[in-house]
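Q: I have a structure to read and want to learn the features one by one. Can we go through it together?

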Amino acid sequence: MSAPDQLLVVIDPVARRSDGESVRIAKDVLCGGAAAKVCLPDTPEEFERALARRGARRPVVIGDDRALVRAVELLHRGGRLGDGALSLVPVGPRGTVALAASLGAPLATVTAARVVLDGVERRLDLLVDDGGGVVVGGLSIPDGPRPPPASPPMAPAPSVWGTCRSLVRTLVGPAVPHVRVPHMRGHRLRVEVDGRLLSDVDDPVEGVTVASRDGAAEVVVHPRAAGPLRSAARTVTVSGPSGTGFRYCADTRISGPVRTRTWTVRPSSWSLLVPAPALSTDGA
């Protein structure tokens, strides 16, 4: 990082409450290595104002996956997502920073803070929906109501949130073998990719997943009675049957119900600072 660089360090309130020591360490490293303005927003509105008024300062978020997604969405909405690389110092329990790790952000606080100062840009795709939302990692459409919780002392049944987190971790990681979505009942959905019908409401599915990868939306439909249907496209439209909406999990949030929703991939539309590649020690 060049000396004239200035940082706007936005510290998410959840990070301050959950791990104040890591926040302090990150702030000390950043302020010791650059001219940094530190903001401590307490509300989403204050978070938004801090980013909107940053001027020429590079934005740095200290927080978990939700804080990262919020920052990306706000910068996209303000038309400034492509102005420069976003930096993240992940702070939070391991399950709340899985998306950050999948994108290449180090989870060790000191290492992540140093990457803010001397990292390299990694260009990333983004899914943008017709309702103004964004998807950084991936989305899934879980099916039907969850089974009721088991009575103590038995373990509780999986929740929609737990299923979403598991699916998104699968989506944003490297290519993996197909894993069936658990606890799904048949869901009637119409799935279109680039205007071509991939699955219709007459064929119940267990779930649908979409992730942006290599400049395209990677779509996987899991029919109840057949193997997965896979496709790569620029746009994906999912609709419920007439008069029925559906909910979906995008990154860390559940949205809906909506009758129909279209996602469009924006290739290499934003960047995140990640560690520089290690130099080869080969003599060749």
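Q: Which residues does T109 touch, not counting residues up to four places away in sequence?
A: This is a predicted model. T109 touches S22, I25, A26 and V89.

Q: Where does T109 lie, and is T109 buried or exposed?
A: T109 lies in helix α6, residues 109–118. Burial is read from relative accessible area, with under 20% counted as buried. T109 has 15%, so T109 is buried.

Q: How many residues does helix α2 have, and what is its reach?
A: A helix is checked by comparing its end-to-end reach with the expected span, at 1.5 Å a residue. Helix α2 covers residues 20–33 and has 14 residues. From first C-alpha to last, α2 reaches 20 Å, close to the 20 Å expected.

Q: Which residues of α2 are buried, and where do they fall around the axis?
A: The buried ones are S22, V23, A26 and L30. Seen down the axis of α2, they fall within an arc of 100 degrees, so they line one face of the helix.

Q: What do the buried residues of α2 pack against?
A: Their partners include the strands β1 (6–11), β2 (35–39), β3 (58–63) and β4 (87–90). The helices α1 (13–18) and α6 are also among them.

Q: In what order do the four strands of the open sheet come, and is the pairing parallel or antiparallel?
A: Strands of a sheet pair through backbone hydrogen bonds, either parallel or antiparallel. Here the order is β2-β1-β3-β4, and the pairing is parallel. The edge strands are β2 and β4, each pairing on one side only. From one strand to the next, the twist averages 20 degrees.

Q: How many bridges pair β3 and β4, and which residue stands opposite P90?
A: β3 and β4 pair over four bridges, in the parallel sense. G63 stands opposite P90 in β4.

Q: Which strands do α3 and α6 lie across?
A: Read such packing from contacts, then from the angle between axes. Helix α3, residues 44–52, lies across β1, β2 and β3 and runs at about 175 degrees to β1. Helix α6 lies across β1, β3 and β4, at about 170 degrees to β4.

Q: What is the phi of D194 and of D214?
A: Most residues other than glycine have a negative phi, and most peptide bonds are trans. D194 has a positive phi of about 50 degrees although it is not a glycine. D194 sits in the loop between β8 (190–193) and β9 (196–199). Its relative accessibility is 44%, so D194 counts as partly exposed. D214 also has a positive phi, near 55 degrees. D214 is in the loop between β10 (205–213) and β11 (216–223). At 76% relative accessibility, D214 counts as exposed.

Q: Which residues does the cis peptide bond join?
A: The bond joins G256 and P257, with omega about 5 degrees. P257 is in strand β15, residues 253–258.

Q: How many aromatic pairs does the structure hold?
A: Two. Read each pair by centre distance and plane angle. F246 and Y248 have ring centres 6.3 Å apart and planes at 50 degrees, so the pair is tilted. Y248 and W263 form an edge-to-face pair, 5.1 Å centre to centre with 90 degrees between the planes. That pair links distant parts of the chain: Y248 is in strand β14 (residues 246–250) and W263 in strand β16 (residues 260–274), 15 residues apart.

Q: Which residues form the aromatic cluster, and are Y248 and W263 buried or exposed?
A: F246, Y248 and W263 form one cluster. Y248 and W263 are both buried. F246 counts as buried too, at 1% relative accessibility.

Note on methods:
Residues are numbered from 1 along each chain as its sequence is written. This is a predicted model: local features need pLDDT of at least 70, side-chain atom pairs count only at pLDDT 80 or more; totals for chains, interfaces and linings use all residues. Side-chain values use heavy atoms; hydrogens and water are left out. Helices (H or I, at least four residues) and strands (E, at least two) are DSSP runs, numbered from the N terminus. Buried means under 20% relative accessible area, exposed over 50%, partly exposed in between (1.4 Å probe, protein chains only). Contact means heavy atoms within 4.5 Å. The expected span of a helix is 1.5 Å times one less than its number of residues. The arc is that of the directions from the helix axis to the C-beta atoms. Two strands pair if DSSP finds at least two bridges between them. Axes are lines fitted to C-alpha atoms, for helices over the stretch in contact, and angles run from 0 to 180 degrees between N-to-C directions. Rings of Phe, Tyr and Trp (its six-membered ring) pair if their centres lie within 6.5 Å; planes under 30 degrees apart count as stacked, over 60 as edge-to-face and the rest as tilted.
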